[in-house]
Amino acid sequence: MKNYIQLFLIICFTALLLFASMALPYRGDVDNQMNQETSITGTEVPGNYYVQEAYHDAHTNNMVTVVLGDYRSIDTLGEQIVIFTAGMICFLLLRKHREDE
Amino acid sequence: MKKRVASPIVLLGSRLLSPYIMVFGLYVIFHGHYSPGGGFQGGTLLAASLLLIRISSGRRISRIQFSDYLTTPLAVVGVLIYFGTGLVALFAGGYFLDYGQLPIPGLDGAELRYWGILIIELGIGLTVMAVLVSIFDDMVRGEDE
């Protein structure tokens, strides 16, 4: 009985996701809002600045590197600290546990 | 636990493969300005080259290549490279992590940003490599003495 409920829920959720994905825009559609240079309210989107000024600001061909390393460098610093914290947690949990045995 | 049988073919194959993976990891870090890549990906490749020797040869040989006491200090050094770059730019008169203010003579703002990105990518790569090797060492500790 429990399996049938799970199967029913999975089918319902799959149908819901398929129904929701019908309205997604096509990839690379230039008329879509997320590919426009100005937002709905008329202001310029920040991604437009990144695309146009990345090479001029940092002389780096790879725009993604400029965004990750320069414009959003505090975000990348946070990601590095997440990895460092994961390493420290493994250090504290596993290493102490092994020595106690 | 099953008795470990050392296979010279596996050891030789991984010894042949490991330096090339390491060179490719360094390439991914240093070429991140021009092609897809960067600190996280390159650090993972560097860790893969170290872990290949660790898996194939056991702890006694791999300790000669890269000691397990080095991993945590190197992770700290990687974080400090990133923080230090930001703090040097802060004390030199800019904002935190504003590479345009780094006190390196002979370079203008855009060139300074170029080198600042490379410095922090090196810090990220060092931390990712050290943390991945450290997690592996912690998990196998006491099982292959």
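This is a predicted model: local features need pLDDT of at least 70, side-chain atom pairs count only at pLDDT 80 or more; totals for chains, interfaces and linings use all residues.

1. The axes of H2(A) and helix H5 of chain B, residues 109-140, come within 6 Å of each other and cross at roughly 95°. Angles of 65 to 115 degrees count as roughly perpendicular, so H2(A) is roughly perpendicular to H5(B).

2. Which residues meet where H2(A) and H5(B) touch? From H2(A) come His56(A), Asp57(A) and Ala58(A), and they meet Ala110(B), Arg113(B), Tyr114(B) and Ile117(B) of H5(B). Sorted by class, this contact has 4 nonpolar residues, 1 polar residue and 2 charged residues.

3. Besides its place in the contact with H2(A), Arg113(B) forms a salt bridge with Asp70(A), with the closest N and O atoms 2.9 Å apart. The rule finds 1 salt bridge across the interface of chain A and chain B. As for polar contacts, 14 residue pairs are counted between the two chains, both residues at pLDDT 80 or more.

4. On the chain A side, helices H2 (46-58), H3 (63-71) and H4 (73-100) each supply at least two of the residues that touch chain B. H4(A) gives the most, with 16 residues. By class, the side of chain A that touches chain B divides into 11 nonpolar, 11 polar and 5 charged residues.

5. Finally, the interface as a whole. The contact takes 27 residues from chain A and 34 residues from chain B. About 2700 Å² is buried between chain A and chain B, and carbon and sulfur atoms give 64% of that area.

Conventions. Residues are numbered from 1 along each chain as its sequence is written. Chains are lettered from A and ligands numbered from 1 in the order in which they are written. Side-chain values use heavy atoms; hydrogens and water are left out. Contact means heavy atoms within 4.5 Å. Buried area is the accessible area (1.4 Å probe) that two parts lose on being put together, summed over both. A salt bridge is a side-chain nitrogen of Lys or Arg within 4 Å of a carboxyl oxygen of Asp or Glu. A polar contact is a pair of N or O atoms within 3.5 Å; within protein, one must be able to donate a hydrogen and the other to accept it, and residues adjacent in sequence count only if both atoms are side-chain atoms. Helices (H or I, at least four residues) and strands (E, at least two) are DSSP runs, numbered from the N terminus. Ala, Val, Leu, Ile, Met, Phe, Trp, Tyr, Cys and Pro count as nonpolar, Asp, Glu, Lys and Arg as charged, and the others, Gly among them, as polar. Axes are lines fitted to C-alpha atoms, for helices over the stretch in contact, and angles run from 0 to 180 degrees between N-to-C directions. Angles under 35 degrees count as roughly parallel, over 145 as roughly antiparallel, 65 to 115 as roughly perpendicular and the rest as oblique.
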